2 protein chains.
Amino acid sequence: MTENRPPDARPAAPPRPGMKEVADRAGVAISSVSRVLSGHRDVSAVMRNRVLDAVAALGYEPDILAQSMRTGETMTIGFIVSDISNPLISEIALGAETVLRESGYGMIVVNSMNESHIELEHISLMNRRRADGLLLSLASETNPTLPSTLERLHVPVVLVDRHMKGLEANHMVHSDHRAGMNEALDRLYSLGHRSIALINGSLAVRPSRERANALRRFAKAHPDLQTSVRSGEFTGTYGYAVAHELLQEPSPPTALIAGSNQILVGVLRALRDLALRVPDDVSLIACDDSPLAEFMSPALDTIKRDPKRLGGEAASVLLALLRGESPDPVTLPTYFEQRASSASPPTTQKEALLR
Amino acid sequence: MTENRPPDARPAAPPRPGMKEVADRAGVAISSVSRVLSGHRDVSAVMRNRVLDAVAALGYEPDILAQSMRTGETMTIGFIVSDISNPLISEIALGAETVLRESGYGMIVVNSMNESHIELEHISLMNRRRADGLLLSLASETNPTLPSTLERLHVPVVLVDRHMKGLEANHMVHSDHRAGMNEALDRLYSLGHRSIALINGSLAVRPSRERANALRRFAKAHPDLQTSVRSGEFTGTYGYAVAHELLQEPSPPTALIAGSNQILVGVLRALRDLALRVPDDVSLIACDDSPLAEFMSPALDTIKRDPKRLGGEAASVLLALLRGESPDPVTLPTYFEQRASSASPPTTQKEALLR
DNA sequence: TTGAAAGCGGTACCAT
DNA sequence: ATGGTACCGCTTTCAA
């Protein structure tokens, strides 16, 4: 107010105040300010008030960078995902962030665009940002550079529904994809399906492998069942191409399982192009739910997991690791939600003749 | 390999190497290491090689915190969103991140869970993290604390499809929601609809207000048109409640516009509960696309915007601001995509009699 | 109970 | 062309 201010100096906002400014204003030492703010005991009430007043007056907010610099902790977790715009992933991220926030951690999400080299770049970047820990939803578990990169890291890492040889089991949070697949397969088989195709995502990640395995096992246990697994990539384009091809084979599968949200979109497009009806002409089962899946006609049968929980559990495990504990390995359930997109297969003989 | 290693010393990983270690190993001064790494000129080839070798050998990675501390720049942008699990938002985030990354910026996304006080907390937190700039998709533009909070900030802020009085126009990126709404309304009107209801999100944010305005204007220009705008919140629950109520009125609207993804889900649920068919009994138009919307039966007519672009433009504007430029205000288009969920209204008289 | 000063890991200025 | 050093904003001994 009564401050001396030359006409054209400091014309704009005052610079961000630091502890120094607070200390000066309160007429105390910098270290005292720090003590008050860190809630240290052995500070007189007078001191506390003087400092707090100055803080309020200046609108002072401690610099987290400087704090991190000193303490060595950034209270930041990095989460590397393939594509945040995938609703499955964004829910996982939300679940993780929620849990981390409760413990005072912030989360930085970065997208690898499903490219391993970007992923590695991001890992390095998070390392340079001194993230206290990493959550990884890898684009590919088979990247040869990865294991050594992770070892070089000086912070704990938790894989989200991914597997990696050599990594301790309690550094990975898994879903039991087989369970859901088996339920779905039981359903299809009992409906009379004897030819089932899985249009699968990339085998470089665990969920796809587990689903493929589940189908193979099921086939082994049911010798009269024809199965085909077409693993490729998590894209609509891929889903379209494979569905289109499979459904035009001489004796096409009577049931399709789409290995991801993105693949599902491609499959639906192919179905539409071929004017095939679900479930009359072919049964369809999706992996992972979408907001509108239950409102489709027919409502889509879905193999579900709880993505928010998956993210939350991964975060919890990471927090435990951060505390130096050795948490138990986590495996989360998946299950089949029957809606209306699977039904008995068309009587193939007849159908074929009619065409 | 041939290293001397006492039995129980350094049993685990060596500590993160710093510039000091690099300098020692290369037998040069710390400042020289810095110069080499910052690509400074005036460094001899010998020096460069010595340093680079040491860096490689040690796997040294510069500490971004320390850099930021000195330079004052964190190369980090904070993005505060209501809910990253909303596909619209996550696409916006992806668009923004992509653009920022190209300029070397990282992005921290945090969720406000649609609560203003969490939003404020996050703004403060980003400030303390010394984010170089902020992207805001506010839960509510009417939070009274907000303007002063933003003024206190010493970094540029860009609002994403939000408006705020007193903020310069080029600090906001807007969508032209009226355009898309008008196209949709033209369509409905020409189909013969004379009673249209907008189940709208919260008026505390611009998109909802613009849509409401568009509908009101349209009504004013078409005196024979009955309209109702029910603004509330962006949730399925709200969408369900309002749709359920509206559709049971004595003379219910013949066309519904759902003001968001979440609202849409509620509306669909209500429609299902009431056993109403789209578009035979009622026409339905969605705001903002969903991956499965085009595969619904009927495929959903949708008022679209390009969320990736929206995020990208917001990021570009922020980058310009960061460079000290004064970018032009941005307004992005929206448009109506006709699919199959709107049709002529049922002949109301007859229908009413038949019931 | 409070103050002074070292140091976290870099950058950049000033000498040499 | 290279080395020495102050400093960024804070925490944390150590003394007083």
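A cavity, as I use the word, is a set of grid points where a 1.4 Å probe fits but cannot get out, and its lining residues have an atom within 4 Å of a point. Please bear in mind that this is a predicted model.

A search of the whole structure finds 4 cavities of 30 Å³ or more. The largest has a volume of about 170 Å³ and is lined by 14 residues. Nearest its centre lie Leu65(A), Arg129(A), Leu65(B), Thr76(B) and Arg129(B). Two or more lining residues come from each of α4 (64–71) of chain A and α4 (64–71) of chain B. By class, this lining comprises 6 nonpolar, 6 polar and 2 charged residues.

The second largest cavity holds about 50 Å³ of space. Chain A contributes Ile84(A), Val109(A) and Asn111(A) to its lining, while among the residues from chain B are Ala93(B), Glu97(B) and Met107(B). Here the lining has 6 nonpolar, 1 polar and 1 charged residues.

I turn now to the DNA. Around DNA strand C there are 25 residues, of which Ser32(A), Arg35(A), Ser44(A), Arg70(A) and Arg70(B) come nearest.

Which part of DNA strand C does the side chain of Ser31(A) approach? An N or O atom of that side chain is 3.4 Å from a base nitrogen.

Notes:
Residues are numbered from 1 along each chain as its sequence is written. Chains are lettered from A and ligands numbered from 1 in the order in which they are written. This is a predicted model: local features need pLDDT of at least 70, side-chain atom pairs count only at pLDDT 80 or more; totals for chains, interfaces and linings use all residues. Side-chain values use heavy atoms; hydrogens and water are left out. On a 1 Å grid over the protein atoms alone, a cavity is a set of points where a 1.4 Å probe fits but cannot get out, and a pocket is an open set with protein on both sides within 12 Å along at least five of seven lines; lining residues have an atom within 4 Å of a point. Grid points are joined across faces, edges and corners, and a volume is the space filled by probe spheres set on the points. Helices (H or I, at least four residues) and strands (E, at least two) are DSSP runs, numbered from the N terminus. Ala, Val, Leu, Ile, Met, Phe, Trp, Tyr, Cys and Pro count as nonpolar, Asp, Glu, Lys and Arg as charged, and the others, Gly among them, as polar. A residue is near a molecule or strand if one of its heavy atoms lies within 4 Å of it. A polar contact is a pair of N or O atoms within 3.5 Å; within protein, one must be able to donate a hydrogen and the other to accept it, and residues adjacent in sequence count only if both atoms are side-chain atoms.
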